Amino acid sequence: HFSSNTIYKLNDLFSDRITMAQTILSQYQIELWGQKISLVSRDISVMSYGRLQYLVLDNSYLTMILMTGIVATILIIILLFRGSFQVFYEFKSYAVLPITFFMLLGVTENNMIMIEYNFLFIVMGALQLNKRLPISQ
C-alpha cells in the first residue's frame with residue numbers, strides 16, 4: 001500500500017514515466033495480439049503547435065504488452081529467461097550481470113525490444129546456431 005506522496009516521488013524519480021504509462025493505459029487496453037499505438041515525441045509535439053499531444057512510452061515491458069500483445073510478450077520473456085539461463089550455463093555467472101542490467105534497464109527505456117540495441121537476441125541466436133552447426137577442427 002503506497003501513499004500518494006510516495007507515488008509522486010517515484011514519478012519524479014522516473015521522470016514522469018509512471019504518469020505517462022497511466023495515460024497510455026487509460027487510452028489503450030492490453031490485447032491478446034497487440035495493437036498499433038501512435039507515440040509522439042516531445043520535439044514533434046512542440047513542432048505541431050499543440051495539434052499533437054506528447055505521448056511517449058519509455059518502458060520496454062509495457063510497450064511489448066501493448067504493441068505485440070500478451071501472447072508475444074509471454075513468448076519474448078520466456079525466450080529472454082531461457083537465453084539468460086543458457087548464457088549462465090555456457091559462460092558462468094559473470095555473463096548474466098549485463099543481461100540482468102539490460103533487463104532492468106527495460107523498465108526505464110524502450111530500447112530493449114529493438115534488435116539494434118538488444119544484444120541478447122544476437123547472443124541467443126549465436127548460441128542456438130552453435131548447438132546446431134558442427135564445429136570442424
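Me: Why is Arg-17 called partly exposed?

Reply: Arg-17 has a relative accessible area of 23%. Under 20% counts as buried, over 50% as exposed, and the values in between as partly exposed (1.4 Å probe, protein chains only). Arg-17 is therefore partly exposed. A word on the source: this is a predicted model, where local features need pLDDT of at least 70 and side-chain atom pairs count only at pLDDT 80 or more, while totals for chains, interfaces and linings use all residues. Residues are numbered from 1 along each chain as its sequence is written, and side-chain values use heavy atoms, with hydrogens and water left out.

Me: What makes the meeting of Arg-17 and Asp-58 a salt bridge?

Reply: The term asks for a side-chain nitrogen of Lys or Arg within 4 Å of a carboxyl oxygen of Asp or Glu. Arg-17 and Asp-58 meet at 3.4 Å, N to O, so the pair qualifies. The two residues are 41 apart and link distant parts of the chain: Arg-17 sits in helix H2, and Asp-58 is in the loop between helix H3 (42–47) and helix H4 (60–67).

Me: How many helices does the chain have, and what counts as one?

Reply: There are seven helices and zero strands. Both are DSSP runs numbered from the N terminus: helices are H or I over at least four residues, strands are E over at least two. Read from the N terminus, the elements run α-α-α-α-α-α-α.

Me: How do you know that helix H1 is hardly covered?

Reply: Count its buried residues: H1 spans residues 4–13, and one of its 10 residues is buried. For the chain, buried residues make up 28% of the 137 residues.

Me: What stands out about Ser-15 and Asp-16?

Reply: Ser-15 is not a glycine, yet its phi is positive, near 55°. Asp-16 is not a glycine either, and has a positive phi of about 65°. Ser-15 lies in the loop between H1 and helix H2 (17–27), and Asp-16 is in the loop between H1 and H2 too.

Me: Why is Gln-53 called exposed?

Reply: Its relative accessibility is 52%, so Gln-53 counts as exposed. Gln-53 lies in the loop between H3 and H4. Leaving aside residues up to four places away in sequence, Gln-53 touches Gln-27, Val-40 and Ser-45, where contact means heavy atoms within 4.5 Å. The C-alpha atoms of Gln-53 and Val-40 are 6.9 Å apart, though 13 residues separate the two along the chain.

Me: What makes a group of residues a nonpolar patch?

Reply: Patch members have over 30% relative accessible area and no salt bridge; like charges are joined within 9 Å, and nonpolar side chains (Val, Leu, Ile, Met, Phe, Trp, Tyr) within 5 Å. Here Leu-25, Ile-30, Leu-32, Trp-33, Ile-70, Ile-74 and Ile-78 form such a patch on the surface, with about 680 Å² of accessible area together. Areas come from the Shrake-Rupley method with a 1.4 Å probe, and for residues only the protein chains shown count as cover. Ile-70, at 33%, is partly exposed. Helix H5 (residues 69–91) gives the largest share of the patch, three residues.

Me: Why is H4 called oblique to H5?

Reply: Two packed helices are described by the angle between their axes and the distance between the axes. Axes are lines fitted to C-alpha atoms, for helices over the stretch in contact, and angles run from 0 to 180 degrees between N-to-C directions. Under 35 degrees is roughly parallel, over 145 roughly antiparallel, 65 to 115 roughly perpendicular, and the rest oblique. H4 and H5 pack at about 135°, with axes 6 Å apart. That makes H4 oblique to H5. Met-64, Ile-65, Leu-66 and Met-67 of H4 meet Gly-69, Ile-70, Thr-73 and Ile-76 of H5.

Me: What is the label for H5 and H6?

Reply: H5 and helix H6 (residues 96–105) pack at about 160°, with axes 9 Å apart. H5 and H6 are therefore roughly antiparallel. The contact involves Leu-80, Phe-81, Ser-84, Val-87 and Phe-88 of H5 and Val-96, Ile-99 and Met-103 of H6.
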